[in-house]
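Work through the exercises below with the sequence and the model side by side. Try each task before reading its solution.

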Amino acid sequence: MKRAAASSTRHSSEGKSTSMFAGINRTNNSDSEASNTALHHISQSSHYRHRNMLQKLSFQGKWSSNDHDYEHLCLSDDEHDADDIELNDLGGGGRQSRLHRSLGSSAADNTFSISSITRWIVTLVLMIGMYELGMKEGSKKAVVLTQHEDDDHHPKDISDKNQQGGGGTSFTLERVQTTRKAAQHLISMLQEYYGGKEQSERMMFDSWLTPWDFGQNTTTIKNNFTGSLVEKLVDTMARALVTDDQKDFIIGIIGSSVAAGHDNCNWDSFPRQMERTFGPVWEAAGMKLIYQNGGDGGECGDDFSNQVFCIQQIVSPNIDIAHYTWTYYEAGNKGESALEMRESLARWAQMLPRQPPVHVYNTGVLSNVKKGEYELAKHMSEFGYNAFYMRSGYLNGGFDYDAAKVNGVDHFGWGHVGDGYHNVTRYGENESSTERNESLGTVMRNWHPGPLAFQFVSDTFSYIYSHAMIRALDLIASDLNSGIDPAEKWAKRKIHVKSSLPRPKFCDPLYCVVDETPRCLNFNKPTFGWWGARVEDPDDNLNPHKGEVQNWEVWQQERDIFSFVSKQDQIFFENRDDKEICRHLDACGGISATSKDSGSVVFRLPKQEVGLVVICGCCGKKVGTEMILNNTNIEISYNGQILDRSTWDLYPSEKCVRLMKQFDASAAVATTGHNYLKVKARENLTIPVNISHVITL
């Protein structure tokens, strides 16, 4: 466990970031455009060759294609663009040098004629004129790369390329055709893999609360709920494709150990598989697919109820699609709370910059779904909300699992190899190790899916999203052929405010009918987005408690590389150079006081719309009562005013305590422009106090 005094070290998940700005000016004269195009094609060709080589080696277990290895060997699209410009500039410099050499040698030989001088002057005038024309007509673009490094082994790239001049989208008809071909290739491959078009659609379209239907016209689709779903997803794809300052398509998931991929190598989790399956389609579009896996194992004590408040810190606020898979934790009497939090998440997501649809992943079957889930899916269909049921997808394929079970074969039994359709993942088909091959063919490790089931999940999302992409590409092509700029049509989203959304059906209006998404300081790993509250510097002049002892310590749980990895994979990878691909990202963390000598921790809070303040303890599902609610050895104040303990309650889970429900007349007013929360260790504190989350709204 790593510890650092709060007075000297700021926790990495506070969202500290570094930025690089590289301005690139491009000219549109025919020479430079041709050079850039040729160089780009060369770079792309090299990029794909390297990637295909790496994928082939990695599928055979010979190469670790983790983020660092891949970035070192294959330049990103932005790096290719920068290299193209640099090479083109060097080429221009070379031509200028040859021109100067010619002039110099002619003067030395005294053979430079009047006609030669005239030709050179005319040439120079034409070159200057073409350059000026290119500067006026060409688009000027800047590259802005922002990288969050909350996890030492997996830096998170949320890069954007901002358009600074020029009109229209750079997404051409040629790029439309290239991208469409890649999406169609993936669809065709998956249809062949899953027994044809009809069976594939039964398995992957019909295993959702609202089945997908990508008919040619959404007005003729089965029902208006499906039409709304399709329109929202197509809209999401189209906007990403034609927006020049968006170079990444980001999917982010919040969820349990199922999302994290526990009992498997991280490499075999469905988010990592989806990056490899769906990623090449985005590469064809000149973009990069990034899947931010915010999966969190249960040992920290978290569940859906507190993690949904942290959507824009666990994953980037710039996600294009949000995935959710806390469904194991919704069982029993938590059903109504789960619907409340799912609806809250779906509404809050629409307040994020890219207004992502929320798609739920459930390992179970549709036959167990309660009425409220269907009602929520219909209620929020306009905003893309839907839920996928994995086992229903398998059943829809037609394999008779009941008959197999009568004969003693339980395909969903723990450790079983083969799902009735395939016996190993596609990338495991050429695996020479029997142990690794069997591991990659496992359907359910236990309650956690294995690599083969995760492949089906990855394929389902990729199949549906590829259909939506083709619909989007067709609309973009139609605009381009009609002389309409797709960027003007698609790039700007309608801003959502609380009045834009329907009246809530399950969630608390106090917290879900809002104009802003909740903010969160989450000390657990991983985090890919931005913090809300922050630990204030004890010496900051704005700190209202400057001069007081503030020695709470930030800590992070240390994980072994094979934590939560199956034994058979541990044996296979333990002596290999690429074993790092097995490491899971999730780990508990917090900021702690152990005695009165720890003094206080002061949190600077972000802008608050409602006045909600919650702190959560760690580690355990029910630590809130003893550690915070009934702990008289800590004192908590808001803007210098000690909070009345009798008004506190457990919310939204039993590890968390709601200190303030909302602003009221008794709330102390900030004196420095920010609201501050102080937690103080008192004289008799002997049992450590660990804070894992600070939630505000």
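**Exercise 1.** Are C310 and C520 buried or exposed?

*Solution.* The model is a predicted one. Start with the cut-off: buried means under 20% relative accessible area. Both C310 and C520 are buried. Next, check the bond. C310 and C520 form a disulfide, with sulfur atoms 2.1 Å apart. The torsion about their S-S bond is about 55 degrees, so this disulfide is right-handed.

**Exercise 2.** Find which parts of the chain the disulfide of C265 and C582 ties together.

*Solution.* Begin with the sulfurs: S to S is 2.0 Å for C265 and C582. Now place each end. C265 lies in the loop between α8 and α9, and C582 in the loop between α20 and β14, so the pair ties together parts 317 residues apart in sequence. Then take the handedness. The S-S torsion is about 45 degrees, so the disulfide is right-handed. Last, check burial: C265 has a relative accessible area of 0%, and C582 has 0% too.

**Exercise 3.** Work out the handedness of the disulfide between C300 and C588.

*Solution.* A disulfide joins C300 to C588. Its S-S torsion is about -105 degrees, so it is left-handed. C300 is buried at 1% relative accessible area, and C588 is buried at 2%.

**Exercise 4.** How many disulfides are there, and what pattern do they follow?

*Solution.* The count is six. Number the bonded cysteines along the chain, and the pattern reads 1-7, 2-8, 3-6, 4-5, 9-12, 10-11.

Key
Residues are numbered from 1 along each chain as its sequence is written. This is a predicted model: local features need pLDDT of at least 70, side-chain atom pairs count only at pLDDT 80 or more; totals for chains, interfaces and linings use all residues. Side-chain values use heavy atoms; hydrogens and water are left out. A disulfide is a pair of cysteine sulfur atoms within 2.5 Å. Helices (H or I, at least four residues) and strands (E, at least two) are DSSP runs, numbered from the N terminus. Buried means under 20% relative accessible area, exposed over 50%, partly exposed in between (1.4 Å probe, protein chains only).
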